[in-house]
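Good morning, everyone, and thank you for making time for this.

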Amino acid sequence: MESVFGLVGKDFAIVVADSSAVHSILLHKTNEDKIMLLDSHKLMGASGETGDRAQFTEYIQKNVALYQFRNGIPLTTAAAANFTRGELATALRKNPYMVNIILAGYDKETGPSLYFIDYIASLHKLDKAAFGYGSYFALSMMDRHYQRDMTVEEAVNLVDKVIMEIRSRLVVAPPNFVIKIVDKDGAREYAWRESIKDAPVIAS
Amino acid sequence: MSIFEYNGCALVAMVGKNCFAIASDRRLGVQLQTIATDFQKIYKIHEKLFIGLSGLATDAQTLYQRLVFRHKLYELREERDMKPETFASLVSALLYEKRELAKDFVVAGTASESLYGACESMFKPDMEPEELFETISQALLSSVDRDCLSGWGGHVYVVTPTEVTERILKGRMD
């Protein structure tokens, strides 16, 4: 079961996700990117059914882009979060998306923010959030070590503590994680934490 | 798994002498796991109208958005706020339920059974705002302490003809 977690720091937000693509007992790949860049200053980490995850996050990303094209200005993080919740809520009683989302963004006026949106479209703004079996460890570690206004270094330290805890205590622990960060300079990949590397593909 | 017990909630409202109080717990959970301890369950429709929504959080959020939408349209057309009785009709129409107008207190949520008992024993008619606040707070805190799905503090609004006071209660944080 996929682990996604995130936290808000001094003027940035971090989202971390495992990067394994699993079908039943088989691990297809270990470098699957589950954190989508919604726009220049937004990250959407998603966990859940693979097809729904890929399709739904792409749908949100394209709609966020469409808003910007139509209106000339980007959506705020809160607006993007509420739009996402609306889409999940509309589909909920017809054909629900089985996707849990952690949406993080940086707005010039309000700074960094993080939104928890679960698959039944409950929305809440939080400083730290986590989904999946890893959440049992992530939330406890973050409750213990998280402080407001952490620096990037402190936050990544905490992220590493969480990853270590998941790796050592979860029976089907994912081997690799991707860390992405969003701050005033934009959303970008920060680092990978790999304990298994896929074999390189030899071009024929 | 019942959708009324998925997120967890405790809501209580009481009528006093020319005032009323409405209170809720602050927990947002996903079954056994606590996600947040500052989740809002009481929403303001206008200065003198509050609604507490218990049950599945996603539905409470959706219903609140729909109610606010309807009220804003009403405000634009009528150029005034909706009366509580009118709003209650709107809510009951949306929920397909016949509303009951209580003269003393109402309770809702996963802790409702405890709340009924606590309110029945602590409630007196015609309480002044300060006493009403104490009563509703004690009733809420003692009830949520017996319910694992609600708690993590309390949120109390006391509304009089002249002002609205909002207070956060610190209870057992478990």
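At what angle do helix H1 (residues 50-71) of chain A and H2(A) pack, and how far apart are their axes? Please keep in mind as we go that this is a predicted model. In this model the two helices pack at an angle of about 130°, and their axes are 11 Å apart.

Helix H2, residues 77-92 of chain A, packs with helix H1, residues 57-78 of chain B, at an angle of about 105°, and their axes are 11 Å apart. With that angle, H2(A) is roughly perpendicular to H1(B). On the side of H2(A) the contact is made by A:Asn82, A:Arg85, A:Ala89 and A:Leu92, and on the side of H1(B) by B:Thr58, B:Gln61, B:Thr62 and B:Gln65. Here the classes come out as two nonpolar, five polar and one charged.

A further pair lies within chain B, where the axes of helix H3 (residues 112-122) and helix H4 (residues 129-144) come within 9 Å and cross at roughly 150°. H3(B) passes H4(B) in a right-handed crossing. The residues in this contact include B:Leu115, B:Ala118 and B:Met122 from H3(B), together with B:Gln138, B:Ala139 and B:Leu140 from H4(B). Six residues of the contact are nonpolar and five are polar, with no charged residue among them.

Now for the spaces. Which residues lie nearest the centre of the second largest pocket? They are A:Met1, A:Glu2, A:Asn100, A:Gly132 and A:Tyr133, out of a lining of 36 residues, and the pocket itself has a volume of about 910 Å³. Among the elements that give two or more residues to this lining are strand S7 (99-107) and helix H3 (135-145) of chain A, and chain B takes part through its strand S4 (33-36). The lining divides into 21 nonpolar, 11 polar and four charged residues.

Finally, the largest cavity holds about 60 Å³ of space. It is lined by 14 residues, and those nearest its centre are B:Phe39, B:Lys41, B:Leu53, B:Gly55 and B:Ala57. Its lining consists of seven nonpolar, five polar and two charged residues.

Technical notes. Residues numbered from 1 in each chain as written. Chains lettered and ligands numbered in written order. Predicted model: local features only at pLDDT ≥ 70, side-chain atom pairs only at ≥ 80, totals over all residues. Heavy atoms only, no water. 1 Å grid on protein atoms, 1.4 Å probe; cavity = no way out; pocket = protein on both sides within 12 Å on 5 of 7 lines; lining within 4 Å. Points joined across faces, edges and corners; volume = space filled by probe spheres on them. Nonpolar A, V, L, I, M, F, W, Y, C, P; charged D, E, K, R; others polar. Axes fitted to C-alpha atoms, helices over the stretch in contact; angles between N-to-C directions. Helix = DSSP H or I, 4+ residues; strand = E, 2+ residues; numbered from the N terminus. Parallel < 35°, antiparallel > 145°, perpendicular 65-115°, else oblique. Contact = heavy atoms within 4.5 Å. Left-handed = near helix turned anticlockwise from the far one by under 90°.
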